[in-house]
Amino acid sequence: QGGDQGGDQGDAQPQAGNLLENADFELWTGDAPTAWKSTNSASNATLTQSTTARNGKFALAVEGNEAQNKRLASKEYTLKAGTYTFTLNVKGDGQVRPGYAIVEANGSIAGGDSYKYGSYTSTTAGDWTEASYTFTLTEQTKVNLVMMNPKTTSYATASEKLVDDASLVTSDGGIVEGGDQGGDQ
């Protein structure tokens, strides 16, 4: 699978302190960008490939839904204790909330309290806006990194959002290798 991608093979690997795989959404597997589909309920948005990219060829379009929050979620990462900053570049009218979901030992997300979000970041259709969330883990934790695309409420407007150039950086944490990073990505 994907053996014919030539020189692009390295793109899925983190760059320059960025812990995320395929942070530029250039590599796709089926209907989702590689490493950006959770194996649990954290991912609930329909994702499509967009050529309106901030960098490279592709960005990710995350559906909006007036009645339901839609979430983009990464694959599962096991993170060491430490402080992390998760950043996404987003385009589209409305708001987004970056955050993460805590994955239980059985692989599922326990419920509402398992989702940790930063504040709403207002975004526009005209420009790429950086949405960022800094969080601290006090112990090793398995997470899906999440971006909520909120439903329409008195303070949010549902719309499709374009996402590109994500990053997760830390000065004192890191990824626990060999957790079940899965061969099925």
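I175 is buried, its relative accessible area being 14%; buried means under 20% relative accessible area, exposed over 50%, and partly exposed in between, with a 1.4 Å probe and protein chains only. I175 lies in the segment after β12 (161–170). Strands (E, at least two residues) and helices (H or I, at least four) are DSSP runs, numbered from the N terminus. The C-alpha atoms of I175 and K142 are 9.6 Å apart, while 33 residues separate the two along the chain.

The model is predicted: local features need pLDDT of at least 70, side-chain atom pairs count only at pLDDT 80 or more, and totals for chains, interfaces and linings use all residues. Residues are numbered from 1 along each chain as its sequence is written, and side-chain values use heavy atoms, with hydrogens and water left out.

**The sheet**

β12 belongs to an open sheet of five strands in the order β3-β4-β12-β6-β10, paired antiparallel. At the edges are β3 (47–50) and β10 (129–137), each of which pairs on one side only. From one strand to the next, the twist averages 35°; axes are lines fitted to C-alpha atoms, for helices over the stretch in contact, and angles run from 0 to 180 degrees between N-to-C directions. Two strands count as paired if DSSP finds at least two bridges between them. Strand β6 (residues 82–91) and β10 run antiparallel and are joined by nine bridges. T87 stands opposite S132 in β10. In general, strands of a sheet pair through backbone hydrogen bonds, either parallel or antiparallel.

Most residues other than glycine have a negative phi.

| Residue | Place | Phi | Relative accessible area |

Leaving aside neighbours within four places in sequence, S43 is in contact (heavy atoms within 4.5 Å) with K37, S38, R71 and A73. A polar atom of the S43 side chain lies 3.4 Å from the backbone oxygen of A73. From C-alpha to C-alpha, S43 and N144 are 8.8 Å apart in space, and they are 101 residues apart in sequence.

How values were computed:
Polar contact = N/O pair within 3.5 Å; in protein donor to acceptor, adjacent residues only side chain to side chain.
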